[in-house]
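This report looks at how charged side chains pair in one protein model. The structure is shown first, and the pairs are then taken up in turn.

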Amino acid sequence: MEETTAYYRHLPKQVQAFVDQQYQDAFQLINASRHPETGLYADSYMTFGQNPDHRCSIAATGVGLISLCIADQEEWDPQAATKALSTLQTVLGKRKGCQVARDAQTGFYAHFVDMETGENIRSEFSTIDTSLLVAGALFAGNYFEASVPAIKQLALELLHEIDWSVIVADLATGSIHMVVEEGQGKLPLPAFNEYVLAAYLALLAQPDDENIQALWHHFSEEKIKDLPHTSYRDIPVLTDTNGGATTFLSSFVHQFPFYLVPEYATSDVYRHYFENACLADRLKWKELSDVPSYVWGYGAGSNDGLHGGYHADKINNAPGDIASAYIVAGFLPVYPAGVYDLFAVYEQHIPYNKDHVDPGLRSAYRFGLHRYSFWHLDEGTRWYPEKVTLIDWSSMLYGLAAFKRGMGFFADKVKL
């Protein structure tokens, strides 16, 4: 087992115990969302319903693969490698009775599929969700390479089965296609955003493709400072378009490249903008009246009828001001004091595992802090989220892993 970070070692005992519990709970939520036979992972954990849900998210399956590496490192699951191998066999069509839906011409995966059969559930063939799956596969392949080399072999097979050239939309702007239909890229999205991961994986898979080389050049470390950005209180923050000072991105967009693109994990340039995104998120929450300083985190997730459905909250666009605790965790490598913010939410408002708590609270937060409304924390008005989306929850697991073990755990895993 790897050494712990100095910041973790010097936590007060009660805070360290909370961090350890939240960290293990973060894995257990993902583990509870895994289909025991196919190894596919549900889009969401249902806080008041049956799990796993019938609908698999291919992106959540990538998160599941990384979670197994963390579980093995922390000695939480002695079967982690076996599970990772099983999951990859399923997504590659090597399991009888389960053929996960893919675009026939390019190999990109459907966003949502049936957990048992792999049948497409009325969803698009998604480039970013496929990228999150492949990133998880490569992560697991490199982590388990010495003990179970077959995992790395399957991960490389997956990477090279996909025609990544279809993601290239506009080389002049670095835009990337979000969707593939019958072998053709559709719906170009301007940069900067989480699709940096797709460009990086494309270069790994097809390094000699000149268009892919040119696409990645937009996102390489030397070009990060030239990416579109906006400012919050004179703090420059990366964004997806030069559309003005009010255009911000949900904080998860900054976090995914930090953990899954090795060049970004080790880049001082990206770290600067990552720190700025964290600071802007925290400061914007301070503009709200009567909100304690420990309440913050503009993340994506379900509002479950409180303020509509699923929403990617961001600065200047956050219906009802729902806070996402997993965003705080995702920023811990650059704001380690955030553990005290999480601890304060737990102690003051959501003591989910303590005696004599409201049964609804215990059920909604059985695997720890996630989304909550500070305005609805009192008895009688409390809002109980009905589900936790795994791809958004990933920031909780990744952030706590990096906080306890260091960013070195992430910096060298998503590679050949």
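## Salt bridges in the predicted model

Across the whole structure, a search finds 14 salt bridges, and the model in which they occur is a predicted one. Side chains of opposite charge can pair when their charged atoms come close.

| Salt bridge | N to O distance |
|---|---|
| Asp77 and Lys83 | 2.7 Å |
| Glu157 and Lys94 | 3.3 Å |
| Glu145 and Lys152 | 3.6 Å |

The salt bridge between Glu157 and Lys94 links distant parts of the chain, since Glu157 lies in helix H6 (residues 149-160), whereas Lys94 sits in the loop between helix H4 (80-91) and strand S3 (112-114), and the two are 63 residues apart. Glu157 counts as partly exposed at 28% relative accessibility, and Lys94 is likewise partly exposed, at 46%.

For Glu145 and Lys152, whose closest N and O atoms are 3.6 Å apart, the two partners fall into separate classes: Glu145 is partly exposed, with a relative accessible area of 39%, while Lys152 counts as buried at 9% relative accessibility. Elsewhere, salt bridges that share partners join Arg233, Lys284 and Glu287 into one network.

Conventions:
Residues numbered from 1 in each chain as written. Predicted model: local features only at pLDDT ≥ 70, side-chain atom pairs only at ≥ 80, totals over all residues. Heavy atoms only, no water. Salt bridge = Lys/Arg side-chain N within 4 Å of Asp/Glu carboxyl O. Helix = DSSP H or I, 4+ residues; strand = E, 2+ residues; numbered from the N terminus. Buried < 20%, exposed > 50% of the residue type's maximum accessible area, 1.4 Å probe, protein only.
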